[in-house]
Amino acid sequence: MANTPELDTSVPHEARVYDYWLGGKDNFEADRALGDAMIAAIPNLPVMARANRAFMQRVTRHVVASGVTQFLDIGTGIPTSPNLHEVAQALEPSARVVYVDNDPLVLAHARALMTSDPAGATAYLHADLTEPESILADPLLTATLDLDRPVALTLVAVLMYFTPEQGPERWVATLADALAPGSLIAISHPSGDFDPPAFAAARAAAEAAGITLVDRDRTAFEALFGTAELLEPGAVPLAAWRPDAPPADPHAAYYYAGLARKR
């Protein structure tokens with residue numbers, strides 16, 4: 001497990017800003033200031049945050065229904081119920097989940113993340129997506145997940161913090177390469193395709209606070225899946241990905257979402 005960094009509340013952090021948008025209490029003044037600055041650019045950002053949580057729940061249910069009951073969740077964020085393991089284990093109590101994040105505040109809440117149905121298992125790795133080999137080498141991963149069986153790799157609203165120069169596609173590919181054939185990859189990612197001026201203003205607010213916010217168009221979003229095969233309905237606006245009911249406005253959340261299968 002990686003060494004735990006000190007919790008610095010004087011600068012905003014992505015997970016805590018997201019918690020603020022969701023109406024959570026695990027955030028600080030710097031997080032709220034950035035959250036409000038970004039809301040000034042895109043007023044419905046809290047709605048988008050909730051839409052991302054709803055996508056996580058829908059895709060988890062779909063994955064379990066397809067027969068995959070193991071999950072590797074990268075960029076977990078601060079626990080918000082129902083969390084991924086709660087959604088999965090409500091359908092299949094034996095589901096197994098490994099959460100990964102590098103935020104010390106998430107680490108402080110790790111016990112909540114590990115409250116599993118006795119028939120299944122959950123674990124938390126304090127690790128970084130930028131070092132996928134360290135995730136794969138952690139014995140807790142293989143103690144919790146059987147990598148000889150399909151695993152769902154989930155990256156919900158996390159890859160936007162990494163630039164094309166950093167090459168997050170390589171990190172996703174490294175993780176996917178370690179998984180069995182038939183494994184699934186679920187990703188959501190914001191895009192300026194939906195409202196370029198608003199996204200540019202939100203990005204400027206984030207960057208002024210020292211947080212990277214990357215705009216990827218649909219083609220760049222699809223590239224994040226590498227050689228995995230995108231499943232129906234493909235790379236679509238977040239609200240249009242297998243909705244529980246027809247969305248009033250499929251473009252209300254400025255995100256793309258998709259699910260792909262490792263060939």
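**Figure 1. Pro82 lies in the loop between β1 (70-74) and α4 (84-91).** Helices (H or I, at least four residues) and strands (E, at least two) are DSSP runs, numbered from the N terminus. The peptide bond joining Ser81 and Pro82 is cis, with omega about 0 degrees. Most residues other than glycine have a negative phi, and most peptide bonds are trans. The model is predicted, with local features requiring pLDDT of at least 70 and side-chain atom pairs pLDDT 80 or more, while totals for chains, interfaces and linings use all residues. Residues are numbered from 1 along each chain as its sequence is written, and side-chain values use heavy atoms, leaving out hydrogens and water.

**Figure 2. Ala157 and Arg242 have positive phi although neither is a glycine.** Ala157, with phi about 55 degrees, is in the loop between β4 (152-156) and α9 (168-177). Its relative accessible area is 10%, so Ala157 is buried (under 20% relative accessible area; exposed is over 50% and partly exposed in between, with a 1.4 Å probe and protein chains only). Arg242 has a phi of about 40 degrees and belongs to the loop between β7 and β8 (255-261). At 38% relative accessibility, Arg242 is partly exposed.

**Figure 3. Helix α1 (14-21) is mostly covered.** Six of its eight residues are buried: Ala15, Arg16, Val17, Tyr18, Asp19 and Trp21. These residues pack against α2 (29-41), α3 and α5 (104-108). Gly23, which follows α1, has a positive phi near 85 degrees.

**Figure 4. The largest nonpolar core has 83 residues.** Such a core is a set of buried Ala, Val, Leu, Ile, Met, Phe, Trp, Tyr and Cys residues joined through side-chain atoms within 4.5 Å. Met38, Leu72, Ile74, Leu153, Leu155 and Ile185 have the most contacts inside the core. Helix α3 (residues 45-65) gives the most to this core, with eight residues. Ile74 touches partners including Val100, Leu129, Leu153, Leu155 and Leu175, when residues up to four places away in sequence are not counted; a contact means heavy atoms within 4.5 Å.

**Figure 5. The largest pocket holds about 470 Å³ of space.** On a 1 Å grid over the protein atoms alone, a pocket is an open set of points with protein on both sides within 12 Å along at least five of seven lines, whereas a cavity is a set where a 1.4 Å probe fits but cannot get out; lining residues have an atom within 4 Å of a point. Grid points are joined across faces, edges and corners, and a volume is the space filled by probe spheres set on the points. Of the 27 lining residues, Gly75, Thr76, Gly77, Asp101 and Val158 lie nearest the pocket centre. The lining divides into 15 nonpolar, seven polar and five charged residues. Here Ala, Val, Leu, Ile, Met, Phe, Trp, Tyr, Cys and Pro count as nonpolar, Asp, Glu, Lys and Arg as charged, and the others, Gly among them, as polar.

**Figure 6. The largest cavity has a volume of about 190 Å³.** Trp21, Met38, Leu45, Met160 and Leu213 are the closest to its centre among 19 lining residues. Helix α1 gives the most to this lining, with four residues. The lining comprises 18 nonpolar residues, no polar and one charged.
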